[in-house]
Amino acid sequence: TVVDDAAYAPFAFLDANDQPAGITIDLWQLWSRKTGIAVDFQLMQWEAVLEAVRSGRADAAGGLFATEERQKLFAFSQPFFSLTTSLFFHKQISGIRGLEDLQGFAVGVVAGDSAIELIRAQLPTAQLLSYPDASSLVVAAVQGEVKVFVVDGEAGRFYLARYDQQGMIREAGRPLAVNEMMTAVRR
């Protein structure tokens, strides 16, 4: 049983037929064909993914980043993809270049995401607004519910292309981090 985020396109998501799809799913399907071991994919909200592996209800998380906290709980594979963690903001805000510019802003994040540790390391008192997945975080930003958010760049740009038809959201010029995506199992 491999679990992953249900709204983390283009890596893992439910397609138009409610079937698991995306780059990570494709990699696991290739692994399944090569090993002959069937994979049961279960896509869910990100926090539930982490809990399913942590509790033993799932064998592996399809793809996630190693953080200090996660390394206490999980054993990781070799990296198979590099991704950025990026800062996005409403176009009416100027002067946003990095985390150091976020004092006084409520920052949107995906619940359980590695970005939380990243933000807390530099801004321990930052007010974080949690959303269940990247899709709902981007929708909230486009609707003006949150003016600043941190999410994996590739997923953020994917959902902005889908939901930000007015071009309301900008991405900071440099990523906050470059992370290696890996599979993880319970330690």
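These are my notebook entries on one predicted model.

**Entry 1. Overall dimensions**

I began with the chain as a whole. I counted 6 helices and 13 strands in its secondary structure. The radius of gyration is 16 Å, close to the 16 Å that the globule rule gives for 187 residues, so I noted the chain as being as compact as a globular protein of that length. Along the principal axes, the C-alpha atoms fill a box of roughly 55 × 35 × 25 Å.

I then looked up burial and surface. Of the 187 residues, 47% are buried. The accessible surface is about 9,200 Å², and carbon and sulfur atoms account for 50% of that surface. For contacts between residues at least 6 apart in sequence, I found that 68% join residues at least 24 apart.

**Entry 2. The nonpolar cores**

Nonpolar side chains in soluble globular proteins tend to be buried together. I therefore looked up the cores next.

Which residues have the most contacts inside the largest nonpolar core? I found V3, Y8, L137, F149 and V151, in a core of 34 residues. Several elements give two or more residues to this core, among them strand 2 (7-8), strand 8 (81-90), helix 5 (134-142), strand 11 (148-152) and helix 6 (153-163). Helix 2 (46-55), strand 6 (60-65) and strand 13 (177-186) are also in that group. Another core lies apart from the largest one; it has 16 residues, including I96, L102, I119 and L123.

The residues touched by V151 are T84, T85, S86, F88, V110, A134, L137 and G156.

**Entry 3. T84, seen from strand 8**

T84 is on the V151 list, and I located T84 in strand 8. Is T84 buried or exposed? Its relative accessibility is 17%, and the cut-off for buried is under 20%, so T84 counts as buried.

Leaving aside neighbours within four places in sequence, T84 is in contact with V151, D152, G153, E154 and R157, among others.

**Entry 4. Strand 13 and its partners**

I followed strand 13 through its pairings. Strand 6 and strand 13 run antiparallel and are joined by 3 bridges. Strand 7 (residues 74-76) is also antiparallel to strand 13, with 3 bridges. Strand 8 and strand 13 are joined by 5 bridges, again antiparallel.

Which residue in strand 13 is the bridge partner of F65? It is M181. M181 is also the bridge partner of F81. For A75, the bridge partner in strand 13 is V185.

Between strand 2 and strand 3 (residues 12-14) I noted 2 bridges. Y8 stands opposite A12 in strand 3.

**Entry 5. Aromatic pairs**

How many aromatic pairs does the structure hold? I recorded 7.

A pair of aromatic rings is described by the distance of the centres and the angle of the planes. Y8 and F11 form a tilted pair, at 5.6 Å centre to centre with 35° between the planes. Y8 counts as buried at 9% relative accessibility, and F11 counts as buried at 2%. Ring pairs link Y8 and F11 with F81 into a cluster. I had met F81 already as a bridge partner of M181, and Y8 among the residues with the most contacts in the largest core.

Y159 and Y163 form a second pair that I wrote down. Why is this pair stacked? The ring centres are 6.2 Å apart and the planes are at 10°; stacked requires planes under 30 degrees apart, so the pair of Y159 and Y163 is stacked. Both residues lie in helix 6, 4 residues apart, about one turn of the helix. Y159 counts as buried at 3% relative accessibility, whereas Y163 is partly exposed at 31%.

Notes. Residues are numbered from 1 along each chain as its sequence is written. This is a predicted model: local features need pLDDT of at least 70, side-chain atom pairs count only at pLDDT 80 or more; totals for chains, interfaces and linings use all residues. Side-chain values use heavy atoms; hydrogens and water are left out. A nonpolar core is a set of buried Ala, Val, Leu, Ile, Met, Phe, Trp, Tyr and Cys residues joined through side-chain atoms within 4.5 Å. Buried means under 20% relative accessible area, exposed over 50%, partly exposed in between (1.4 Å probe, protein chains only). Contact means heavy atoms within 4.5 Å. Rings of Phe, Tyr and Trp (its six-membered ring) pair if their centres lie within 6.5 Å; planes under 30 degrees apart count as stacked, over 60 as edge-to-face and the rest as tilted. The radius of gyration is taken over C-alpha atoms; the globule rule is 2.2 Å times the number of residues to the power 0.38. Accessible areas come from the Shrake-Rupley method with a 1.4 Å probe; for residues, only the protein chains shown count as cover. Two strands pair if DSSP finds at least two bridges between them.
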